[in-house]
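Biologist: Please show me the model, and let us then discuss it by question and answer.

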Amino acid sequence: MDTKEFKNFIIKAVDNNFKWSKNWENFKFDDSIKISKTETKKIIADLQNKLNNSYPFFHPSYMGQMITPPHPIAIISYLMALQINPNNHALDGGPATTELEIEVIKELSKMFGYKTWLGHLTASGTIANLEALWIAREINPKKKIAFSTESHYSHKRICQLLRVPFVEIKSNQNGKIDLEDLKTKLKYNSIGTLVINIGTTGFGALDNLKEIIPLAKIYNVRLHADAAYGGFFKLLSKINPPEVDSNIFDLLNKCDSVVIDPHKRGLQPYGCGCVIYRDNKVGKFFKHDSPYTYFTSQDVHLGELTFECSRSGAAAASLWATLKAFPLEPNFGLGKILSQTRSCALKWDKLINKSDVLNSLVKPELDIVTYYARTKYFATSQISNSSENIFNELMNRPKNKIYLAKYKIDPRKFKLLNPKAKIDSKEVTILRSVFMKPEHNIYVQGLFNQIEAVAQKYI
Ligand SMILES: *Cc1c(COP(=O)(O)O)cnc(C)c1O
């Protein structure tokens with residue numbers, strides 16, 4: 001969609017809302033909410049000035065954190081619903097957008113291969129995980145929750161908040177759960193729930209579900225998949241041959257609950273996470289009485305099945321429209337976009353394997369790559385310094401700025417991956433990139449050459 005087309009749809013969204021509002025008796029807005037044109041102009045100009053101090057998340061030269069603007073279709077549809085501002089807490093708050101939410105949850109559940117489900121959108125992955133672990137605690141009230149050391153930092157906090165004792169399972173140098181440590185901890189702890197990662201935030205590592213599922217059966221452990229970042233890559237396991245590890249992704253339907261963030265790889269603006277339970281009977285744990293809202297219908301109100309009260313109906317509208325434009329299909333729609341970002345990570349890996357200057361740390365399983373400059377003495381302090389220098393020079397140079405991310409890891413794990421490394425620091429900083437945009441595919445060689453040229457100065 002070009003800028004002109006985009007602008008026209010935005011105007012249409014505003015016009016349509018205006019037309020729709022004419023269905024009710026005309027009235028005059030109160031003076032207390034009016035602002036003058038001059039004042040508005042000034043505020044908008046000031047805000048624009050402040051916003052100019054942002055990083056170019058939209059551009060292929062931004063290959064740092066997991067941030068990218070929403071797709072234009074998401075912006076248009078979000079704006080359409082935003083003007084009405086439905087609240088998906090209850091059918092009374094968002095009759096239209098609740099229907100859209102139910103539809104998108106069905107599509108996501110089917111993508112994961114669930115035959116039954118209960119789920120809803122959330123404000124974020126953190127809130128979605130909080131809710132899933134709350135339900136896990138209610139199901140196994142006296143037992144511990146286990147997660148790996150590579151899990152998102154919020155799991156520890158969530159357990160603290162829920163006052164559930166937790167066990168941390170070691171992860172190996174590739175970021176996956178250490179199966180030996182898992183076996184030992186399952187044996188000697190009363191673990192009720194295990195969080196597994198489908199794409200760690202650090203490496204994009206996938207835990208070995210094939211080996212974990214039988215263990216969970218033996219010890220009667222509930223499995224919760226944190227697929228906040230990696231969930232949509234499930235689509236690529238259906239391509240022939242699969243472009244991600246289908247041994248892992250095709251077993252996701254064996255997990256009791258799953259979290260996925262449409263605001264990460266689903267082209268959505270922030271404020272869109274999602275939690276899905278395989279057993280729809282978990283609804284009973286949400287039973288509560290809200291005296292305020294439920295009066296128009298005996299149907300299920302999503303608000304009766306959520307941890308949060310008010311939830312954005314616009315987020316549901318935006319995801320619904322986006323999935324119409326980019327269906328959850330392996331060979332087109334969203335699958336095609338992810339396939340390109342995945343292929344980008346593989347291209348990067350090939351380039352790095354041929355390079356005398358840069359090394360890759362682990363082979364990418366999804367579309368996150370980790371790398372560092374091959375410094376002369378291979379000492380961890382020196383590698384950290386070079387990563388800092390490369391990072392700073394690329395983003396601060398006057399022209400052709402490139403934005404990377406940094407990642408601090410345990411030097412002992414670094415040494416397991418690079419036996420020649422000399423440990424002389426408590427941490428080692430490496431570089432990390434997420435290829436979130438399909439456009440990276442064209443730019444990857446050029447970006448690589450530029451990064452390699454800068455890295456050359458710091459080895
Ligand atoms: C991003 C992420 C989270 C947290 O999700 P938010 O939407 O940022 O709150 C949790 N787990 C994993 C694996 C993530 O990548």
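Biologist: How far is an oxygen atom of the ligand from an N or O atom in the side chain of S124?

Modeller: This is a predicted model, in which local features need pLDDT of at least 70, side-chain atom pairs count only at pLDDT 80 or more, and totals for chains, interfaces and linings use all residues. Residues are numbered from 1 along each chain as its sequence is written, and side-chain values use heavy atoms, with hydrogens and water left out. A polar contact is a pair of N or O atoms within 3.5 Å. For S124, the distance from a side-chain N or O atom to an oxygen atom of the ligand is 3.5 Å.

Biologist: How much of the ligand's exposed area does the protein bury?

Modeller: Accessible areas come from the Shrake-Rupley method with a 1.4 Å probe. The ligand taken alone exposes 380 Å². Of that area, the protein buries 88%.

Biologist: Which element gives the most residues to the shell around the ligand?

Modeller: Helices are DSSP runs (H or I, at least four residues), numbered from the N terminus. The most, three residues, come from α5.

Biologist: At what distance does a polar side-chain atom of H263 lie from an oxygen atom of the ligand?

Modeller: H263 is among the residues that come nearest to the ligand, as is K264. For K264, a polar side-chain atom lies 2.8 Å from a ligand oxygen atom. For H263, the corresponding distance is 2.7 Å.

Technical notes
A residue is near a molecule or strand if one of its heavy atoms lies within 4 Å of it. A polar contact is a pair of N or O atoms within 3.5 Å; within protein, one must be able to donate a hydrogen and the other to accept it, and residues adjacent in sequence count only if both atoms are side-chain atoms. Helices (H or I, at least four residues) and strands (E, at least two) are DSSP runs, numbered from the N terminus.
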